[in-house]
Amino acid sequence: MANRLVIEGGKKLSGTVTIDGAKNSAVALIPAAILADSEVTLEGLPNISDVETLYQIVGELGGSVEYNEHKAIIDPSEIVDMPLPSGNVKKLRASYYLMGALLGKFKKAVVGLPGGCYLGPRPIDQHIKGFEALGAQVTNEQGAIYLRAEKLRGARIYLDVVSVGATINIMLAAVLAEGKTVIENAAKEPEIIDVATLLNNMGASIKGAGTDTIRIHGVEKLHGCHHTIIPDRIEAGTYMIMAAASGAGVKIQNVIPDHLEGITAKLIEMGVPIDVHEDSLEIGEAKDLKKVDIKTYAYPGFATDLQQPMTALLTQAEGSGIVTDTVYPDRFKQIAELERMGGKFKQNGRSVVVYGKTALKGTKVTATDLRAGAALMVAGLIAEGKTEILEAEHIERGYGNIIQKLTGLGAKIYKESGEPSIS
Ligand code: EPU
């Protein structure tokens with residue numbers, strides 16, 4: 001059932017917000033846990049629907065998950081190689097990690113092609129290239145990927161495109177393969193280091209995660225362990241943007257400031273006062289925002305996931321900023337919705353000019369995807385009157401306890417739906 005999030009704009013945010021564990025780590029750590037032969041405890045997980053869907057999938061495979069809001073104990077010892085051609089796997093993009101994990105564990109897997117946000121074409125050819133290099137036969141039959149290998153053997157794999165998903169998926173498939181795997185032109189996102197850390201704690205041998213060359217020595221088995229997830233740099237970045245948009249002193253805690261360098265630098269360039277501490281940030285009240293230009297790149301470049309909320313913030317700056325997405329050139333579905341609120345933009349291919357100093361007015365808008373939803377929340381906080389965000393379930397896929405957290409900062413935000421609230 002569709003959920004509706006209502007924001008009454010114009011309230012100044014202040015106080016402290018605590019960031020949860022990273023969604024894009026969590027959705028890989030849970031499939032990674034499948035590779036162990038005993039219990040894996042994950043701490044600090046975000047309370048979001050993508051994570052709950054993965055718990056259900058682990059259950060469908062025969063595993064058990066005991067969890068509360070931020071902790072899960074995953075027992076993979078009874079997991080079987082159940083085909084997953086459809087159902088829950090279609091609900092999230094990251095279900096593609098089940099391909100690497102199940103292939104690694106059972107040398108076979110059937111996984112329906114992933115769902116998740118539509119950001120233009122999102123091919124998985126580099127994942128498949130990696131699985132094939134390790135010795136798997138891969139076919140696509142009626143919307144599901146079938147993988148089968150007699151044996152997985154380490155290989156040298158050069159990624160033609162820097163891909164977070166392909167890098168992690170190849171690690172998952174290679175940790176139990178025979179011999180040595182080298183991933184070249186690997187992605188360097190912090191979430192990749194987090195997954196490698198978990199796998200190494202489970203007994204894997206992975207070196208170089210976080211650089212563009214990752215070396216994996218296959219091992220025979222993996223065991224359970226305890227792991228604490230890294231904080232979500234995109235959730236943190238979104239609250240930073242909200243604080244810049246309508247804050248009067250907001251502290252954002254449980255962050256790794258190094259992971260936030262791109263967004264911190266851009267907000268400072270806009271004139272937002274930011275104090276950086278060891279594991280928190282303080283965002284002061286921004287008086288006169290200046291325009292900036294933004295170009296997204298793979299990490300450590302400016303994150304594509306923060307491009308969308310930044311287009312909402314730039315509507316308030318002096319001058320016109322140009323936002324270019326080199327990672328997902330079509331990731332601009334928020335623009336049409338922001339226009340309904342009074343924003344002024346000019347789109348040209350993979351770039352959008354955002355005209356500044358525009359008054360936004362609350363109206364009915366649609367969260368077409370997760371980070372478009374984040375953009376609309378930023379706009380709703382600034383706008384005069386009431387913003388109703390339809391299809392807010394997209395937002396719940398990535399922002400845990402959003403109503404609670406924003407209410408704690410003084411925002412007026414509530415949910416309307418026929419469903420029990422997961423705020
Ligand atoms: N690509 C290919 N072939 C592939 C894989 C990727 O051409 O086989 C292209 C993509 O089309 C894109 C680029 O490579 O142009 C980068 O894609 P990547 O594989 O890195 O993205 P992803 O793994 O599918 C993850 C996050 C996204 C985030 C991107 C980029 C997860 C579950 N998702 O996606 O997060 O935008 O990396 O940083 O980790 C979000 O959180 O809102 C979100 C969409």
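Mentor: A residue is called buried when its relative accessible area is under 20%, exposed when it is over 50%, and partly exposed in between (1.4 Å probe, protein chains only). This is a predicted model, in which local features need pLDDT of at least 70 and side-chain atom pairs count only at pLDDT 80 or more, while totals for chains, interfaces and linings use all residues. Residues are numbered from 1 along each chain as its sequence is written, and side-chain values use heavy atoms, with hydrogens and water left out.

Trainee: Is Thr324 buried or exposed?

Mentor: Thr324 counts as buried because its relative accessibility is 10%. Thr324 belongs to strand β18 (residues 320–325); helices (H or I, at least four residues) and strands (E, at least two) are DSSP runs, numbered from the N terminus.

Trainee: Which side chain makes a polar contact with the side chain of Thr324?

Mentor: That of Ser351, at 2.8 Å. A polar contact is a pair of N or O atoms within 3.5 Å; within protein, one must be able to donate a hydrogen and the other to accept it, and residues adjacent in sequence count only if both atoms are side-chain atoms. Beyond residues up to four places away in sequence, Thr324 touches Ile294, Lys295, Thr296, Arg350 and Ser351, where contact means heavy atoms within 4.5 Å.

Trainee: Changing topic: how is the protein chain divided?

Mentor: The chain has domain 1 (3–20 + 231–417) and domain 2 (23–228); these bounds come from an automatic or database domain assignment. Domain 1 gives 21 residues to the contact and domain 2 gives 23 residues. Taken over C-alpha atoms, the centres of domain 1 and domain 2 are 30 Å apart.

Trainee: From which domains does the shell around the ligand draw its residues?

Mentor: Domain 1 and domain 2 each contribute at least three residues to that shell. At least two residues come from each of the helices α1 (23–33), α4 (125–133), α5 (164–174), α9 and α11 (370–382).

Trainee: And which residues come nearest to the ligand?

Mentor: Of the 26 residues around the ligand, Gln126, Ser163, Asp305, Val327 and Arg371 come nearest; a residue is near a molecule or strand if one of its heavy atoms lies within 4 Å of it. By class, the shell has 13 nonpolar, six polar and seven charged residues. Here Ala, Val, Leu, Ile, Met, Phe, Trp, Tyr, Cys and Pro count as nonpolar, Asp, Glu, Lys and Arg as charged, and the others, Gly among them, as polar.

Trainee: What lies 3.1 Å from an oxygen atom of the ligand?

Mentor: A polar side-chain atom of Arg331 does. An N or O atom in the side chain of Asn24 is also 3.1 Å from an oxygen atom of the ligand, and a polar backbone atom of Val164 is 2.8 Å from a ligand oxygen atom. The ligand taken alone exposes 830 Å², and the protein buries 90% of that; the areas come from the Shrake-Rupley method with a 1.4 Å probe, and for residues only the protein chains shown count as cover.

Trainee: You listed α9. Why is helix α9 described as largely enclosed?

Mentor: Eleven of the eleven residues of α9 (residues 304–314) are buried, so the helix is largely enclosed by the rest of the structure. Among the buried residues of α9 are Asp305, Gln308 and Leu314.

Trainee: What joins Tyr299 and Pro300?

Mentor: A cis peptide bond, with omega at about 10 degrees. Pro300 sits in the loop between β17 (294–296) and α9.

Trainee: Which residues is His259 in contact with, leaving aside neighbours within four places in sequence?

Mentor: His259 is in contact with Pro190, Ile230, Arg233 and Tyr299. His259 is in the loop between β14 (247–253) and α8 (261–269) and counts as buried because its relative accessibility is 18%.

Trainee: What about the phi of Asn254?

Mentor: Asn254 has a positive phi of about 65 degrees, although it is not a glycine. Asn254 lies in the loop between β14 and α8 and, at 36% relative accessibility, counts as partly exposed. Glu391, also not a glycine, has a positive phi of about 55 degrees. Glu391 is placed in the loop between β22 (386–390) and α12 (393–396).

Trainee: Last one: where does Gly104 lie?

Mentor: Gly104 is in helix α3 (residues 97–106) and counts as buried, at 0% relative accessibility. Not counting residues up to four places away in sequence, Gly104 touches Leu35, Leu152, Leu172, Ala173 and Leu176.
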